[in-house]
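Subject: Structure handover and notes

Dear colleague,

I am passing on the structure below, together with some notes on what was found in it. Please read the notes with the structure open beside them.

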Amino acid sequence: MIKENVGGVDRTLRIIVGAVLIGIGLWYLSWWGAIGVVLMLTALLGWCPVYLPFGVSTSNKEKKTE
């Protein structure tokens, strides 16, 4: 199972910037829309693969200790 590493503010910014980039990509028929789609997907999933190697998490969910 994928561990959530994208939090609320990060998720909101990704949705806004993603939507803007998709709009720019559609308007200018450029590849910027593809970057917007990636941002939207990571926001919707709550998981960013780029954060993994750096151990970054903006999620407020507490880690479970066993």
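To begin with the charged side chains, Asp 10 forms a salt bridge with Arg 14, and the closest N and O atoms of this pair are 3.0 Å apart. Please keep in mind throughout that the model is a predicted one. Asp 10 and Arg 14 are four residues apart in helix H1, which means that about one helical turn separates them, and both of these residues are buried. As a general point, an α-helix has 3.6 residues a turn, so residues three or four places apart point the same way. The count of salt bridges comes to two, and the other one joins Glu 4 to Arg 11, with 3.6 Å between the closest N and O atoms. Here Glu 4 is partly exposed, at a relative accessible area of 28%, and Arg 11 is likewise partly exposed, at 24%.

Turning to helix H1 as a whole, its 21 residues should span 30 Å at 1.5 Å a residue, and this agrees with the 30 Å found between its end C-alpha atoms. The buried residues of H1 are Asp 10, Arg 14, Gly 18, Leu 21 and Gly 25. Seen down the axis of H1, these buried residues fall within an arc of 75 degrees, so they line one face of the helix. The face of H1 turned away from that buried side carries the exposed residues Val 9, Leu 26 and Trp 27. Helix H2 is included in what covers the buried residues of H1, and after H1 comes Leu 29, whose phi is positive, near 50 degrees.

Leu 21 has its place in helix H1 and is buried, with a relative accessible area of 13%. Leaving aside residues up to four places away in sequence, Leu 21 touches Trp 32, Gly 33, Ile 35, Gly 36 and Leu 39. The C-alpha atoms of Leu 21 and Met 40, which are 19 residues apart along the chain, are separated by 10.0 Å.

Helix H2 covers residues 32-45, 14 residues in number, and it reaches 20 Å from its first C-alpha to its last, close to the 20 Å expected at 1.5 Å a residue. Within H2, the residues Gly 33, Gly 36, Thr 42 and Ala 43 are buried, and the buried residues of this helix pack against helix H1 (8-28). H2 is followed by Gly 46, whose phi is positive, near 75 degrees.

On the aromatic side, the count comes to one pair. The rings of Trp 31 and Trp 32 have their centres 4.5 Å apart and their planes at 20 degrees, so this pair is stacked. Trp 31 is exposed, with a relative accessible area of 56%, whereas Trp 32 is partly exposed, at 38%.

Lastly, Asn 5 lies in the segment before H1 and is buried, with a relative accessible area of 5%. A polar atom of the Asn 5 side chain lies 2.8 Å from the backbone nitrogen of Cys 48. Not counting residues up to four places away in sequence, Asn 5 touches Gly 46, Trp 47, Cys 48, Tyr 51, Leu 52, Val 56, Ser 57, Thr 58 and Ser 59.

With kind regards

How values were computed
Residues are numbered from 1 along each chain as its sequence is written. This is a predicted model: local features need pLDDT of at least 70, side-chain atom pairs count only at pLDDT 80 or more; totals for chains, interfaces and linings use all residues. Side-chain values use heavy atoms; hydrogens and water are left out. Helices (H or I, at least four residues) and strands (E, at least two) are DSSP runs, numbered from the N terminus. The expected span of a helix is 1.5 Å times one less than its number of residues. Buried means under 20% relative accessible area, exposed over 50%, partly exposed in between (1.4 Å probe, protein chains only). Contact means heavy atoms within 4.5 Å. Rings of Phe, Tyr and Trp (its six-membered ring) pair if their centres lie within 6.5 Å; planes under 30 degrees apart count as stacked, over 60 as edge-to-face and the rest as tilted. A polar contact is a pair of N or O atoms within 3.5 Å; within protein, one must be able to donate a hydrogen and the other to accept it, and residues adjacent in sequence count only if both atoms are side-chain atoms. The arc is that of the directions from the helix axis to the C-beta atoms. A salt bridge is a side-chain nitrogen of Lys or Arg within 4 Å of a carboxyl oxygen of Asp or Glu.
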